[in-house]
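Subject: Structure handover, salt bridges

Dear colleague,

Here is the structure you were expecting. Some notes on its charged side-chain pairs follow below it.

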Amino acid sequence: MPSRKFADGEVVMGRWPGSVLYYEVQVTSYDDVAHLYTVKYKDGTELALKESDIRSQSSFKHRKSQSSSGSPSRRSSSRSRSRSRSPGRPAKGRRRSASQSREHKDDKKKIIQETSLALAVLILFKPSENNTKRYNGEPESTEKNVTSCIILEQKLKPDLEVKRVLEQYSLRSRKDDEKTEEIFSEKKTFVAVKPIEKVPSKTKELEFGGRIGTFMLIFLLPATVFYLLLTCKQDDPSLLNFPPLPALESLWEWRVFGVFLLWFFLQAVFCLLPIGKVVEGLPLSNGRKLQYRINGFYAFILTAAAIGVLLYFQFELHYMYDHFMQFAVSAAAFSLALSIYLYVRSLKAPEEELAPGGNSGYFLYDFFTGHELNPRIGSFDLKYFCELRPGLIGWVVINLAMLLAEMKIHNLSMPSLSMILVNSFQLLYVVDALWNEEAILTTMDITHDGFGFMLAFGDLVWVPFVYSLQAFYLVGHPTTIAWPVAAAITVLNCVGYYIFRSANSQKNNFRRNPADPKLANLKFIPTATGKGLLVTGWWGFVRHPNYLGDIIMALAWSLPCGFNHILPYFYVIYFICLLVHREARDEHHCKQKYGLAWERYCQRVPYRIFPYIY
């Protein structure tokens, strides 16, 4: 095991990723497993660098003094030595041949080209003076740019000198020279352009209570779902009225499991249809971009047509209400099997394809959070598919089944106003998500989180069976509301939806194309990562306006259920806790990612979710 070269706290020169420029950094820690140094730049940015990308300050000062000292005496002595007789050199005083003159001119052209390359690199990486309308990928420093130019010159010039001497003395065949020139040209391109591939390090900071917390959540999440559904079926659905446990054999039916499998694979077929545009996701840690087919809304239309055909042939969709617990158990069993498959296949995944947050080395933690970032079977992305298709569209189908069950059980000619509001509000939310499907590619679920038990259970069980809790509650506990109350609840939902959609659209459009003329009125704080932090619009109002819209909509979904029991409001309580957790997680992640720029942003936007409150 190689010993580390630089100590914690030592001030060294670190190479900026994707360039040949070095900046003064301080070593903060060292990863013995990945052999990476965590360094901190002067602007607060923290990055993980290889030992080969770090040099001591003394070596830089030595090179700088050599390049600036270039005294005439040294140059003249070099010229006098080059003019001495050698076996391959013509006698003194003899004129150069035409071929030698041409070689000499070619050498001058190469030196000029090399100088131009160095200047191009400096221009490319020089920070802008205007910090409010341009991204900067590196810290600002004129002195450092000069030092970097000297380093680049010292690094490239010896190769030019060696090449010129070899050509002058004809020490290689012309074929070898052409190969050398090709290799040298590729080397120059690599130095100036090719970005450094990041090697994912082990996950150091564990979330969700670490290994013990994730172990408990693997059992607690299914237990919570089953408890809510059993409680909702009781005549007195009080959270303190613990429901009796049903017989185990009554929780499983192969026919129900077959229906669930049919639903899952039907959505997979819709996802694979060659309809809809293909877009690229955000760059991964290795610079690669994955492609995604955007056809979720088409899948929703095809599903609606299929459900319409079933209803036309008098298929009893309320069958789902009668076997709701069995469907939930089937979905939980399938998500567990899928999670095991995902973890086993992740053990063979390349290191650069592992999730930043699920690479701890602890089995249970990585199994829960997801070890592989984007597991794919060919071009079929399992995580992306489960995020929106089977669970989200299934949520709408379950709500429709509850509406039909209410009409049948209570002999209604049309559903209640409360049921219509719940179905309409949540249908709008799902259709919006599918219509703006491309926006999910910028979320942490896709860019940061691995695909493990947490997302598999959340997408396939929690979303369809917990989010439909209000509709399930109204079947057994009908609630009557007046039209003025319904109108007020509708306005509340519209306000929450407007905040949610406009904030998300603002963020996604800015991430995709910050130079869009439609966003010219937005101001932002540039960061060292090349991205900007919006300080006007919704993101200048609170730090997470999309979460604010989510909470307002969740409240509007629960109000039609009345105030007789707190169970329908479990979703609101859960959603607030979830978003507060996500907000704290986002805060920590952004502070690490953006450094001092995030601190400036927090000073400009002090409120996190609720203005003037939190």
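Buried here means under 20% relative accessible area, exposed means over 50%, and partly exposed is anything in between. Glu24, at 28% relative accessibility, therefore counts as partly exposed. Please keep in mind that this is a predicted model.

A search of the whole structure gives eight salt bridges. Three of them are described here.

Glu24 pairs with Lys42, with 3.6 Å between the closest N and O atoms. Lys42 has 60% relative accessibility and counts as exposed.

A salt bridge also joins the side chains of Asp53 and Arg15, at 3.2 Å from N to O. It links distant parts of the chain: Arg15 belongs to strand 1 (residues 11-15), while Asp53 sits in the loop between strand 4 (46-50) and strand 5 (54-55), 38 residues apart. Asp53 is buried, at 6% relative accessibility, and Arg15 is buried as well, at 17%.

The last pair is Arg501 with Asp432, whose side chains form a salt bridge at 2.7 Å, N to O. Arg501 is in helix 17 (residues 483-512) and Asp432 in helix 13 (residues 417-435), so distant parts of the chain, 69 residues apart, are linked. Arg501 has a relative accessible area of 15% and is therefore buried; Asp432 is buried too, at 5% relative accessibility.

Regards

How values were computed:
Residues numbered from 1 in each chain as written. Predicted model: local features only at pLDDT ≥ 70, side-chain atom pairs only at ≥ 80, totals over all residues. Heavy atoms only, no water. Salt bridge = Lys/Arg side-chain N within 4 Å of Asp/Glu carboxyl O. Helix = DSSP H or I, 4+ residues; strand = E, 2+ residues; numbered from the N terminus. Buried < 20%, exposed > 50% of the residue type's maximum accessible area, 1.4 Å probe, protein only.
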